[in-house]
Amino acid sequence: MNLPSIKTWVFDLDNTLYAPEEDIFSQIDKKMTSFISNHYNINSNDAFNIQKEHFLEYGTTLAGLMNDKDNNIDPDEFLRVVHDIDLQSLKSDPNLRKVILNLSGPKFIFTNGTKRHAENVLEKLGLDDLFESIFDIKSANYIPKPNIETYNLFFQSTNIDPKSSIMFEDMGRNLIPAKKLGMTTVLIKREIPNKHNIFQDKKYADIWGQDVPADYVIDDLVKFLNNN
Ligand SMILES: [Mg+2]
């Protein structure tokens, strides 16, 4: 397998550059539930349902909250609160560093999180000097993946030609617009972490949408990049 036509490498951040077992995104998930619970003064079950419904409908919980005109959400405050998490479990990943470093062409981070969170995570993983730039949720005017206009904005602002670029993601639905716009797509299969019962409700069981067809479906990012 090789990818000679690829000139640009685009990576999602959370649950893509590290595994869900690191228990990072699950902390963000819990913070979102408690933010909603406090903001609307409702119990955590109801807050969780609102959170996931927004996520499914709008791409992120925040985008759904911002759509609720009756309840002023300060997006920056929301992002600050939910990203205030413990990154201790993240350790430097020299093998991932080596394979990313060896890729020829610029590498970018394309995340629905914040730049600050991405910088913190990349620093922990020992990858912080490898990327041209981080395109975050603020760069996207708070309009998250998988909204197609955000991909176009990303291409414009980074000067990327989607046809010679490849995108790595753990969420299948975020690869649909990428594919449509001409990118090569790689889905990283992840086990659903039930540590915090996030996906206990069957209604949300397919939240990762891992049945979406991608050019490559992999379970080991280092191995895949090593072979290319
Ligand atoms: Mg992700």
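Reader: Is threonine 150 buried or exposed, and how do I read that?

Author: Threonine 150 is buried, because its relative accessible area is 2%, and buried means under 20%. Bear in mind that this is a predicted model. Threonine 150 sits in helix H7, which covers residues 148–158.

Reader: Which residues does threonine 150 touch, not counting those up to four places away in sequence?

Author: Threonine 150 touches Phe110, Phe135, Ala140, Ile143, Pro144 and Lys145.

Reader: Where is asparagine 71, and how should I read its relative accessible area?

Author: Asparagine 71 lies in the loop between helix H3 (61–67) and H4. Beyond residues up to four places away in sequence, asparagine 71 touches His39, Tyr40 and Leu65.

Reader: How far apart are asparagine 71 and histidine 39, in sequence and in space?

Author: In sequence they are 32 residues apart, while their C-alpha atoms are 8.5 Å apart in space. For another pair, take valine 121 and phenylalanine 135: they are 14 residues apart along the chain, and their C-alpha atoms are separated by 14 Å.

Reader: What surrounds valine 121, leaving aside its neighbours within four places in sequence?

Author: Valine 121 is in contact with Leu13, Tyr18, Leu87 and Leu90. Valine 121 belongs to helix H6 and is buried, with a relative accessible area of 0%. Histidine 117 is also found in helix H6, which spans residues 115–125. Histidine 117 is buried, at a relative accessible area of 3%. Setting aside residues up to four places away in sequence, histidine 117 touches Leu13, Asp14, Ile24, Ile28, His83 and Ile85.

Reader: Which residues coordinate the magnesium ion?

Author: The magnesium ion is coordinated by Asp12 (OD), Asp14 (O) and Asp170 (OD), at 2.1 to 2.2 Å. Along the sequence, the spacing of these donor residues is D-x1-D-x155-D. Aspartate 12 is buried, with a relative accessible area of 6%. Aspartate 14 is buried too, with a relative accessible area of 9%.

Reader: Which domains does the protein chain have, and how far apart are their centres?

Author: The domain assignment gives domain 1 (8–18 + 91–226) and domain 2 (26–82). Their C-alpha centres lie 22 Å apart. For the contacts between them, 18 residues of domain 1 are in contact with 19 residues of domain 2.

Reader: How do I look for pockets, and what is the volume of the largest pocket?

Author: The general idea is that rolling a probe the size of a water molecule over the atoms shows where empty space is left. In this structure, the largest pocket has a volume of about 310 Å³. It is lined by 14 residues, and the closest to its centre are Leu79, Arg80, His83, Thr114 and Arg116.

Reader: Which helices supply at least two residues of that lining, and how does the lining divide by residue type?

Author: Helix H4 (75–82) and H6 each supply at least two residues. H6 gives the most, with four residues. By type, the lining of the largest pocket divides into three nonpolar, four polar and seven charged residues.

Reader: Why does the largest pocket lie between domain 1 and domain 2?

Author: The largest pocket lies between them because domain 1 and domain 2 both give residues to its lining.

How values were computed:
Residues are numbered from 1 along each chain as its sequence is written. This is a predicted model: local features need pLDDT of at least 70, side-chain atom pairs count only at pLDDT 80 or more; totals for chains, interfaces and linings use all residues. Side-chain values use heavy atoms; hydrogens and water are left out. Buried means under 20% relative accessible area, exposed over 50%, partly exposed in between (1.4 Å probe, protein chains only). Contact means heavy atoms within 4.5 Å. Donors are N, O and S atoms within 2.8 Å of the metal (3.2 Å for Na, K and Ca); water is not among the atoms, so sites may look incomplete. On a 1 Å grid over the protein atoms alone, a cavity is a set of points where a 1.4 Å probe fits but cannot get out, and a pocket is an open set with protein on both sides within 12 Å along at least five of seven lines; lining residues have an atom within 4 Å of a point. Grid points are joined across faces, edges and corners, and a volume is the space filled by probe spheres set on the points. Ala, Val, Leu, Ile, Met, Phe, Trp, Tyr, Cys and Pro count as nonpolar, Asp, Glu, Lys and Arg as charged, and the others, Gly among them, as polar. Domain bounds come from an automatic or database domain assignment.
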